[in-house]
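Please look over the model shown here with its sequence.

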Amino acid sequence: MLNMSRPSTLASWYALEQEAKQTGNRHLRDMSNNEQRFKELSRHFDGLLLDLSKQRLEPLTLQLLLQLAEECQLGTKIHDLLSGQPVNNSENRPALHTALRLPAGEELWVEGVDVNLSIQASLEKMQQLVEKIHAGQWRGITGLPITDVVNLGVGGSDLGPLMVCHALADFQPKNITPVNIHFASTIDGSQLAERLKQLNPATTLFIFSSKSFSTIDTLSNANTARHWLIDKLGDEKLILKQHFIGVSGSVEKMTQWGIAQENQLLFWDWVGGRYSLWSAIGLPIALQIGMQGFRQLLAGAHALDKHFATSPLTDNLPVLLALSGIWNINFLNIRAHAILPYDGRLKYFPDYLTQLEMESNGKSTTREGEPVDYATCPVLWGELGPNAQHAFYQLLHQGTEAVNCDFIAPVHRYEEIEDPETKRQFQDQHRLSLANCLAQSRLLMLGDAAVPKLDADQPMPHMLYRGNQPSTTLMINELTPYSLGQLIALYEHKVFVQAAIWNINPFDQWGVELGKKIALATEQALLAEDQQATSLAFDPSTSGLLNHCLTTTKQP
Ligand code: F6P
């Protein structure tokens, strides 16, 4: 019987399997000869270029992939997402991060409520806080203005803001009292300890950033920060009022912990953690680039949302990016994916995408609860391309694993530098970086054929480059709040499209829950007096490790 919940039963899936037997066996070197290839396999939108011409596919393959998207009713699913249907079916709620970037005045009615009204109100409150801090009017309890802000969060309450703050550090507005933004996420306290060494408690403000306001990692960092401030400054009540802002989905929990009501920024349960940088979770971003910059970030994402909603699938950038991934994962069996930005400002972009993609689509049951019989999210990792060239590109060029790579680069950089000589130096460096980006993707595609043979000598086997590694090139005109907003939204929608094809729910993360629970029981065991009794509750391997921790004394 045809099982419609699995795409693997669809006619286009079968056609793609047949296509893989043909095209999948051809070397990229042979495919790349076609003069029309770049034109046929690349698309532009609003300063973005998506180039699939180094993917192991032909225009016909793309047609079949688009048929698969049609058969999976992608158009309807996109509409459901954007109109606030409960697409997160295991938690019975919408996933409305796209609503967070709606322009003021645009309405979105969900269950009888125009959600944009509360979104705009939240942006207003955020703006007031940001302006107060930037004007030097937010004072610590000794009366000094705030100079440093530490974001305490983890996962989506850390990775998105961290990535954007780093990427857009050059966009700090003029005419404000600048504040330094720091991040601490690790449960062991090591990042926080490092930060506290350098900070002045009198001028430091903490953002306790957690959708649930109960994640133990963030809670323990926030408790440590609170004790540090009490220890240094004394008055707990005033400290909570003047040195902490809370960002969460739960007023009750923020109030219970002690966050003053006027310092609470709220967001909604229909914003997933890894999709939340557009909400008040983006407060560190707004502090870094100002509210105007933050609104530019939202505007870029909104432009991409509109493109996603209205462009035909064949010209739709997130759809094409997603489909090329589906081709690699499900038909060419390529299960590793590297993210390689050629711009140091995008240092944390691979980390951010790791959560976005793997926490969203690292699933193995369909929306109806059946096991999938096809691969879903690949193993994703990445690093700044130029640095990775000196680290793991060896494996890409000569290892045994096939890896799909995303090369990401801006075309223009350093235009704003005033001194001509300094500008020339830095632009030379940017040109070098671009050249490396284009050279590496070419070498991965062609292998040895990238370099003309000067003599008849055969290279030694250890010098061979086999090529045929697929890659996508994504170019932005220049990195700005607007283009970064586009880039992030592009990947968010790519993840959604892949989930739609695989018929999985990208908006829940049940696979992280059990670990949290059993960590608590394990902590109790580490506190226990009676080692023997403690060990009995655990498997032999874990008991052995627990006993080791409980009995090992510190070496002198
Ligand atoms: O444990 C995973 C997770 O729930 C992520 O989905 C989320 O981004 C992160 O933890 C942080 O959650 P919270 O913002 O509720 O502290």
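What follows describes the helix and then the ligand site.

## Basis of the model

This is a predicted model, in which local features need pLDDT of at least 70 and side-chain atom pairs count only at pLDDT 80 or more, whereas totals for chains, interfaces and linings use all residues. Residues are numbered from 1 along each chain as its sequence is written, and side-chain values use heavy atoms, with hydrogens and water left out.

## Helix 9

Buried residues (under 20% relative accessible area, with exposed meaning over 50%, for a 1.4 Å probe and protein chains only) in helix 9 are Asp 217, Thr 218, Asn 221, Ala 222, Ala 225, Arg 226, Trp 228, Leu 229 and Leu 233. They lie on the same side of helix 9, because they cover an arc of only 160 degrees around the axis, taken from the directions from the helix axis to the C-beta atoms. The face turned away from this buried side carries the exposed residues His 227 and Asp 231. Just after helix 9, Gly 234 takes a positive phi of about 95 degrees.

## Ligand site

Around the ligand there are 15 residues, of which Gly 156, Ser 157, Ser 210, Ser 212 and Thr 215 come nearest; a residue counts here if one of its heavy atoms lies within 4 Å.

Polar side-chain atoms lie 2.7 Å from an oxygen atom of the ligand for Ser 212, 3.2 Å for Gln 355 and 2.8 Å for Glu 359. Taken alone the ligand exposes 390 Å², and the protein buries 88% of that, with areas from the Shrake-Rupley method and a 1.4 Å probe.

Methods:
Helix = DSSP H or I, 4+ residues; strand = E, 2+ residues; numbered from the N terminus. Polar contact = N/O pair within 3.5 Å; in protein donor to acceptor, adjacent residues only side chain to side chain.
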